[in-house]
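Visitor: Please take one part of this protein and go through it closely. I would like the local picture before the overall one.

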Amino acid sequence: MIEQIKKALADVTQGKWDFAVVEDSRHVIYDDTYFNRHIAEIVRGGVESEQREEDNARLIANAPEWLRYLLGEVERKDKK
């Protein structure tokens with residue numbers, strides 16, 4: 001599983017990700033360096049509340065950074 005996570009992180013758009021709400025209530029995950037480089041979108045609708053959709057977008061946008069941090073912690077603990 002660790003190797004799969006590492007490979008997935010290596011294969012995705014690199015750099016800091018962020019999210020924004022665009023005019024039609026979509027939550028757009030984008031490369032923080034280039035706003036117009038969309039990575040993913042969460043389209044408003046269905047049963048999710050606007051706050052839940054924002055929370056989902058925040059999690060997705062932070063996932064690469066958080067996963068890299070956790071992998072680093074695992075590797076650090078394995079070295080002890």
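Guide: Strand 2, residues 27-31, is mostly covered, with 5 of its 5 residues buried. Buried here means under 20% relative accessible area, exposed over 50%, and partly exposed in between, with a 1.4 Å probe and protein chains only. The model is predicted, so local features need pLDDT of at least 70 and side-chain atom pairs count only at pLDDT 80 or more, while totals for chains, interfaces and linings use all residues. Residues are numbered from 1 along each chain as its sequence is written, and side-chain values use heavy atoms, with hydrogens and water left out.

In a regular strand the side chains alternate between the two faces of the sheet. In strand 2, His 27, Ile 29 and Asp 31 lie on one side and Val 28 and Tyr 30 on the other, and all are buried.

Strand 2 runs antiparallel to strand 1 (residues 17-21), and 5 bridges join them; two strands pair if DSSP finds at least two bridges between them. Asp 31 in strand 2 is the bridge partner of Trp 17. The hairpin of these two strands has 5 residues between the strands, and Ser 25 there takes a positive phi near 70°.

As for the overall picture, the protein has 2 helices and 3 strands, in the order α-β-β-β-α along the sequence. Helices (H or I, at least four residues) and strands (E, at least two) are DSSP runs, numbered from the N terminus. Buried residues make up 22% of the 80 residues in the protein. The C-alpha atoms fill a box of roughly 50 × 30 × 15 Å, taken along the principal axes.
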